[in-house]
Amino acid sequence: MTIKLISAFVLAFCFATAFGRFYIPWLRRQKAGQQIKEIGPKWHMSKSGTPTMGGVMFILAVTFVCLTLGFEGMLHGNYVHIFVLLFALVYGAIGFLDDWEKIRKKQNLGLSAKMKFLLQLAAALVFVLLMRQIGYLKTQLFIPFWHVTIHVPDWLYFIFAAFVIVGTVNAVNLTDGLDGLASGTSMPVCLFFVAVTFAWGERFLELGLFASGLAGGLLGFLVYNFYPAKVFMGDTGSLFLGGAIAAMAFAYDMPLILVTLGIVYIIETLSDIIQVGYFKLTHGRRVFRMAPFHHHLEMGGWTGKKWKEVEIFALFSGISLLFAIISFIGVFHRAF
């Protein structure tokens with residue numbers, strides 16, 4: 001099992017890195033450049049025209065891992081990693097439509113918020129219902145750290161699952177606002193699931209291969225996405241990534257672990273909600289210099305220190321790694 005999980009990481013990393021050498025120049029030739037919002041930090045305008053949809057690199061990498069190293073599992077009737085992959089691909093497709101609209105219109109507005117929400121909600125409900133019908137999902141909630149499992153009525157669980165999935169997907173999307181940020185904060189999340197596979201055993205191998213492959217693909221993508229970024233993952237990548245993380249949490253039967261495991265995503269989302277709510281209540285006053293929180297730090301925060309992108313990357317990735325370790329402690333001794 002150990003060799004397979006390490007192989008998944010290495011294979012995906014090599015795939016994404018090699019593919020990027022040809023894919024990024026191709027994106028430039030297609031003029032698939034990202035348009036930068038004018039309301040953002042002024043220095044971000046220099047990034048305008050940087051190729052987007054780079055998430056295809058780690059999407060293809062983890063797909064390749066699932067279809068090769070995960071093929072043996074399929075021969076034995078275990079398709080859970082394929083279901084997780086297909087679910088994430090649906091979200092990636094929604095992101096692709098959004099990116100395509102932005103490129104076509106030459107502006108930072110793609111699909112309408114209502115359309116994206118409805119598509120994401122439909123995908124979440126279909127995924128949960130299918131996983132439940134096939135037997136890969138139980139309508140119960142495992143509470144990490146306390147090691148208690150609560151049984152929940154199906155209808156209530158489906159509402160909860162849809163809320164968590166759509167929330168996670170959009171939270172990851174919000175985090176994708178600086179070079180390498182979504183990649184750097186998501187790698188510890190993926191490695192958490194790999195560590196859980198080591199701890200819980202062979203029955204979770206296929207899911208571990210998916211998690212390890214995604215971590216390797218993200219690292220390969222980060223080679224090109226680290227500051228200064230040569231390519232952005234776009235909504236194609238960020239929605240796929242959010243869908244993959246949410247799907248893994250449910251496939252491992254521990255969605256509540258996202259409260260600690262996804263702490264960076266939660267901070268980013270709450271900062272946005274607080275900013276908008278306070279702005280409306282006070283008719284123009286702000287809590288943060290700009291939301292999400294990474295822009296607040298970038299623009300001077302409350303102290304006046306303007307954080308560099310690399311510093312924010314290190315801070316957020318470090319926090320994500322710390323809480324991935326804490327999360328692992330919370331589920332390590334789970335009994336089945």
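No disulfides were identified, the count under the applied criterion being zero. Cys 14 takes part in no such bond, as the nearest cysteine sulfur, belonging to Cys 66, lies 17 Å away; Cys 14 itself is partly exposed, with a relative accessible area of 42%. For Cys 190, the closest cysteine sulfur is likewise that of Cys 66, at a distance of 12 Å, which is too far for a bond, because a disulfide requires the two sulfur atoms to be within 2.5 Å. Cys 190 is buried, its relative accessibility being 0%. These assignments, like those that follow, refer to a predicted model.

Salt bridges, by contrast, were found, and their count comes to five. One of them joins Lys 4 to Glu 72, with the closest N and O atoms 2.7 Å apart. This pair links distant parts of the chain, since Lys 4 belongs to helix α1 (residues 2-29) and Glu 72 to helix α3 (residues 71-75), a separation of 68 residues. Both partners are partly exposed, with relative accessibilities of 27% for Lys 4 and 42% for Glu 72.

Another salt bridge is formed by Arg 132 and Asp 154, whose closest N and O atoms are 3.8 Å apart. Arg 132 is located in helix α5 (residues 113-134) and Asp 154 in helix α6 (residues 154-175), so that the contact ties together parts of the chain that are 22 residues apart in sequence. Arg 132 is partly exposed at 32% relative accessibility, and Asp 154 is also partly exposed, with a relative accessible area of 34%.

A further salt bridge pairs Lys 305 with Glu 311, the closest N and O atoms being separated by 3.4 Å. Here too the two residues fall into the partly exposed class, Lys 305 with a relative accessibility of 39% and Glu 311 with a relative accessible area of 32%.

Strand β2 (148-151) and helix α13 (309-331) each contribute at least two residues to the patch, and the largest share, three residues, is supplied by α13.

Definitions and conventions. Residues numbered from 1 in each chain as written. Predicted model: local features only at pLDDT ≥ 70, side-chain atom pairs only at ≥ 80, totals over all residues. Heavy atoms only, no water. Helix = DSSP H or I, 4+ residues; strand = E, 2+ residues; numbered from the N terminus. Buried < 20%, exposed > 50% of the residue type's maximum accessible area, 1.4 Å probe, protein only. Salt bridge = Lys/Arg side-chain N within 4 Å of Asp/Glu carboxyl O.
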